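Work through the exercises below with the model open. Try each task before you read its solution.

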Amino acid sequence: MNTPRLIDGKAASARVLEQVRREVGELLAQAVQPALAVILVGGDPASQVYVRNKILRADEVGIRSQEHRLPGDTSTEQLLNLIKGLNDDSSINGILLQLPLPAQIDELRALEAIDPRKDVDGFHSENVGGLSQGRDVLAPCTPSGCLHLLEQTCGDLRGKHAVVVGRSNIVGKPMAALLLKADCSVTVLHSRSHDAQALCRQADIVIAAVGRAGLIDASWLKPGAVVIDVGINRIDTGNGSRLVGDVDFANALPQVSAITPVPGGVGPMTIAFLMKNTVIAARQQHQAQRNQSEAVCHSIY
Ligand code: NAD
């Protein structure tokens, strides 16, 4: 077998961001500046880092950003009020509600309150439903990033057997929907699956999204499989800690044809696709406004 290829998410995300920057430039030329509002409720340290990175990246590609920090004891109604204001603000194109939310907040109500046209995380049921019907909607960022890496690595995905390990609403399920849309044969495995290892060993493509360090080793993989590791797990190294994926990287490496490292694989793709979704949302909203004004003109003349 050829030497396994490391799938470089940093380089791939830099290319996506470069494309986004160009598209922002095209919109600016039409006097439209895409704008993203990020909402953070409470002081979760990891969420603060994620939000800071999203704001930084937005600034770098020319997207205007707004950060809304709410205290940890915010009620669902207070959050809904903020979301309503952002929905009504025509200068805001994308709304991102950083998860997880404090326990007192009704997460589903909050996500459903976001205008689907501004739902750059793709979690609103209208976008979830559209994706499952194979329509072009705002799709969740992490699985979109994984699909992009797979297309860059494998080329044509049609007919390939993809196994998605994990069935969460934010990664596993939308990943399966995107792979089906790309004409893969898709198997979804989860904590109640029987013979998960044997089923996974049949896959041409494996997407690991579980949250268990090193769960998937060579015994789960067909020789030559392409592996995308979404997992981010912090493990104790005795004298500190480090981040690892759901795949036992060293053990799996000789078995695969290509694999994403952790860190430096899927992680950077998530933010890149958030920026891409914000530009898509801005372009669609701008187009809808133009169509509306043209319709008004036609009705006058
Ligand atoms: P989750 O806890 O919501 O879902 C985990 C899924 O794994 C569940 O569907 C569960 O059924 C399944 N599972 C648990 N044990 C299993 C087993 N033994 N065999 C098969 N399936 C099993 O997690 P999530 O939000 O989907 O995140 C998964 C991982 O991806 C986490 O490590 C998370 O940190 C990471 N993540 C990374 C990014 C990124 O940008 N790289 C984004 C989101 C999530």
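**Ground rules and a first landmark**

P100 lies in the loop between β4 (94-97) and α4. Helices (H or I, at least four residues) and strands (E, at least two) are DSSP runs, numbered from the N terminus.

This is a predicted model, in which local features need pLDDT of at least 70, side-chain atom pairs count only at pLDDT 80 or more, and totals for chains, interfaces and linings use all residues. Residues are numbered from 1 along each chain as its sequence is written, and side-chain values use heavy atoms, with hydrogens and water left out.

**Exercise 1. Cis peptide bonds**

Task: Which residue is joined to P100 by a cis peptide bond?

Solution: 
- Step 1. L99 is the partner of P100, and omega is about 5 degrees.

**Exercise 2. E107**

Task: Is E107 exposed, partly exposed or buried? Which residues does it contact beyond its neighbours within four places in sequence?

Solution: 
- Step 1. Locate E107 in helix α4 (residues 107-113).
- Step 2. Apply the cut-offs: buried is under 20% relative accessible area, exposed is over 50%, and partly exposed is in between (1.4 Å probe, protein chains only).
- Step 3. The relative accessible area of E107 is 35%, so E107 is partly exposed.
- Step 4. Contact means heavy atoms within 4.5 Å. Leaving aside neighbours within four places in sequence, E107 touches L99 and L101.
- Step 5. Check L97 too: E107 and L97 are 10 residues apart in sequence and 9.6 Å apart in space, C-alpha to C-alpha.

**Exercise 3. The buried face of α5**

Task: Which residues of helix α5 (residues 125-132) are buried, and why do they line one face?

Solution: 
- Step 1. The buried residues of α5 are N127, G130 and L131.
- Step 2. Seen down the axis of α5, they fall within an arc of 100 degrees, so they line one face of the helix. The arc is that of the directions from the helix axis to the C-beta atoms.
- Step 3. Recall the general rule: an α-helix has 3.6 residues a turn, so residues three or four places apart point the same way.
- Step 4. Look for the cover. It includes α7 (172-181).
- Step 5. G134 follows α5, and its phi is positive, near 80 degrees.

**Exercise 4. α6 against α7**

Task: At roughly what angle do the axes of helix α6 (residues 141-154) and α7 cross? Which residues meet?

Solution: 
- Step 1. The axes come within 9 Å and cross at roughly 40 degrees. Axes are lines fitted to C-alpha atoms, for helices over the stretch in contact, and angles run from 0 to 180 degrees between N-to-C directions.
- Step 2. That makes α6 oblique to α7. Angles under 35 degrees count as roughly parallel, over 145 as roughly antiparallel, 65 to 115 as roughly perpendicular and the rest as oblique.
- Step 3. P143, S144, C146, L147 and L150 in α6 meet P174, M175, L178 and L179 in α7.

**Exercise 5. Positive phi**

Task: What is the phi of A31, and what is that of D195?

Solution: 
- Step 1. A31 is not a glycine, yet its phi is positive, about 65 degrees. It is found in the loop between α1 and β2 (35-41).
- Step 2. D195 is not a glycine either, and its positive phi is about 55 degrees. Its place is the loop between β6 (185-189) and α8 (196-200).
- Step 3. A31 counts as exposed at 73% relative accessibility. D195 counts as exposed at 60%.
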